[in-house]
Amino acid sequence: MSGSEDKQVQQLVDHLFRHEAGKLVSVISRIFGIAHLDLAEDLVQDTLMEALHRWSVHDIPDNPAAWLMQVAKRKTLNELKRRQTALKNQPHIVHQQISVESIDEAFLESKIEDSQLRMVFVCCHPKLPLESQIALTLKSLCGFSVKEVASALLTTTSNINKRLYRAKARFRDLKIDLEIPPVHLLPPRVDAVCLSLYLLFNEGYQSSHSQDLIRKDLGMEAIRLATLLSNAFPDQTKVAALLALMFLHTARFDARQDVEGAIVILEDQDRSRWDQRLIATGMHYLKRASTGKVLSEYHLEAGIAADHCLAPSMEATDWKSISAQYDLLNRMNHSPIIAFNQAIILRWTEGPKQALAKLEELQASAKLKNYHLLLAGIGEMQFLLGQYQKARACFLKAKALTNSNPQQELLNRKILACEMANN
Amino acid sequence: MRDYLIIIKDTILDSYSPAEMQESLHAYKNWAGGLADQYLDGQRLDDESARLPRTGSISTDGPFLESKEIISGYVMIKAHNLEEATEIARRSPLLAHSHLEIRPIKIMSQ
């Protein structure tokens, strides 16, 4: 290592190792097949360790990603040679159709995105349980370790290992492998990927500042993978709508919490802290999504998010537009949660009394029995109408229904407000 | 100043995630870069290993090192004394994953 004091310490791009790991696992799995996913991950791990050791004592190369590719390719070729040697002594086993040429081809710059896409379709295969899809996506496509996946999903490593194990067993049982779905199967498969990425994004969106940074990365990973999909299939407007939604929500992320990780509700948020660049990107994708014949839930959710993001204040929000979109959503999918959101909006379009009436009706719904936000909503309306004791009782009930610390903290503040107002 | 060897010993063969590896690389380069001329060399040892018992020793003499400990590498630095060398080692990111032993390289009389 040269001893020049003025030399700036070299930096790598953020998340380079993680992203390259995902890429390399995709490429090597393409070569050996998804059944050999563990092998692909081992080879990638070896490659990164080599980079770590070499770049610690020598200069980081000008093109670190290319260096990693080269080393991974070399290790893949060696692995192929090893297998061919091993198989030579067992001539009765049919040789897998892997050649040096196919390895060269898979590592071409132009083919790498294709391998990643295949990996996305496999990780988000509809025949896998959703939990397994997300665990597998994070581990194999996003370069997270099992421990990091567990931490990101607020569960145990044992749980994650089980999900991964089950996913791999499914691949074997159902003979699933790495391929781009044929054109006629593309829409439902893209749907499955969208759902998976939507859930992944949602996990990250629920995170608070006080939690591991790794949770916040989930949203970014979901966006990255959705972008990959969108670039490959620009006509699948659902993906563009999903991207719009993700960008618009992310734009408000920083304003949703204060420095201590306490929740700041929409009407109290400092809108100057909303990221305008992200809003612009979201609107760009929404525009792209607004072509063609498909109107999906993602389109509507994105449209609602857009109405909020473009509004200077709660009072100046286009509630009529939002309400209309919720109506459409409700028709697509009779979800009591959507009905709940519609009821909340009534507070702004008509008034707390009308909103309260609607919300109380919803208490009859079985699905919303343990939904703490319903009780919190009722409490909120009662508070606005001066019914402080009733409101306090509702907030207390709501508290009992949630495990989230930030949510409980918010409810405590509301309870305190009731007590102060009553005196 | 004289030369010191920082011996890196791992007790757990941690499997690092890509994110941890990148973080580790940055931390190491920042530390080593900050040492400038005091940093002489640093190497990782590969996994292959051969051990030879001392001539005449019997098999029940036991392992030479705690069998759980594996020397995984070293860093050679220059420092004024053992305290300074230890301080340098204390500031290194190596401590996150390894035990360190700091030993002066013996100065031979001319």
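This is a predicted model: local features need pLDDT of at least 70, side-chain atom pairs count only at pLDDT 80 or more; totals for chains, interfaces and linings use all residues.
These notebook entries record what I looked up in the structure.

**Entry 1**

**Entry 2. Chain A overall**

I began with the secondary structure of chain A, which has 19 helices and zero strands. I then took the extent of its C-alpha trace, which spans about 85 × 60 × 40 Å along the principal axes. For burial, I found that 48% of the 423 residues of chain A count as buried. The accessible surface of chain A is about 21300 Å², and carbon and sulfur atoms hold 52% of that area. Of the contacts in chain A between residues at least 6 apart, 66% join residues at least 24 apart.

**Entry 3. Chain B overall**

I turned to chain B and recorded two helices and four strands. In sequence order these elements give the pattern β-α-β-β-α-β. Chain B has 110 residues, of which 33% are buried. In chain B, contacts with a separation of 6 or more come to 84% from residues 24 or more positions apart.

**Entry 4. The interface of chain A and chain B**

How much area do chain A and chain B bury between them? I read off about 2100 Å², with 62% of it on carbon and sulfur atoms. On the side of chain A that touches chain B, the elements giving two or more residues are helix H1 (16–32), helix H2 (37–57) and helix H7 (146–152) of chain A. H2(A) gives the most to that side, with eight residues. Sorted by class, the side of chain A that touches chain B holds 13 nonpolar, 10 polar and six charged residues. In total, the contact takes 29 residues from chain A and 21 residues from chain B.

I next looked up the specific polar interactions. The count of salt bridges between chain A and chain B is zero. For polar contacts across this interface, I recorded nine residue pairs, with both residues at pLDDT 80 or more.

**Entry 5. Leu48(A)**

I selected one residue of helix H2 of chain A, namely Leu48(A). Is Leu48(A) buried or exposed? Its relative accessible area is 0%, so Leu48(A) is buried. I then listed what surrounds this residue, leaving out residues up to four places away in sequence. Within chain A, Leu48(A) touches Phe17(A), Ala21(A) and Leu68(A); from chain B, Leu48(A) touches Pro18(B) and Met21(B). I also took one C-alpha separation: Leu48(A) and Val71(A), 23 residues apart along the chain, are separated by 9.1 Å.

**Entry 6. Salt bridges**

Over all chains, I recorded 24 salt bridges in the structure.

The side chains of Arg74(A) and Glu50(A) form a salt bridge at 3.4 Å, N to O. This pair links distant parts of the chain, with Arg74(A) in helix H3 (residues 64–88) and Glu50(A) in helix H2 of chain A, 24 residues apart. Arg74(A) is partly exposed at 40% relative accessibility, and Glu50(A) is partly exposed at 27%.

For Asp104(A) and Lys73(A), the closest N and O atoms of the salt bridge are 3.0 Å apart. Asp104(A) lies in helix H4 (residues 100–106) and Lys73(A) in helix H3 of chain A, so this pair ties together parts that are 31 residues apart in sequence. Asp104(A) has a relative accessible area of 33% and is partly exposed; Lys73(A), at 24%, is partly exposed.

Where do Asp114(A) and Arg118(A) lie? I located both in helix H5 (residues 109–123) of chain A, four residues apart, about one turn of the helix. Asp114(A) is partly exposed, with a relative accessible area of 25%. Arg118(A) has a relative accessible area of 15%, which is under the 20% limit, so Arg118(A) is buried.

Notes: Residues are numbered from 1 along each chain as its sequence is written. Chains are lettered from A and ligands numbered from 1 in the order in which they are written. Side-chain values use heavy atoms; hydrogens and water are left out. Buried means under 20% relative accessible area, exposed over 50%, partly exposed in between (1.4 Å probe, protein chains only). Contact means heavy atoms within 4.5 Å. Buried area is the accessible area (1.4 Å probe) that two parts lose on being put together, summed over both. A salt bridge is a side-chain nitrogen of Lys or Arg within 4 Å of a carboxyl oxygen of Asp or Glu. A polar contact is a pair of N or O atoms within 3.5 Å; within protein, one must be able to donate a hydrogen and the other to accept it, and residues adjacent in sequence count only if both atoms are side-chain atoms. Ala, Val, Leu, Ile, Met, Phe, Trp, Tyr, Cys and Pro count as nonpolar, Asp, Glu, Lys and Arg as charged, and the others, Gly among them, as polar. Accessible areas come from the Shrake-Rupley method with a 1.4 Å probe; for residues, only the protein chains shown count as cover.
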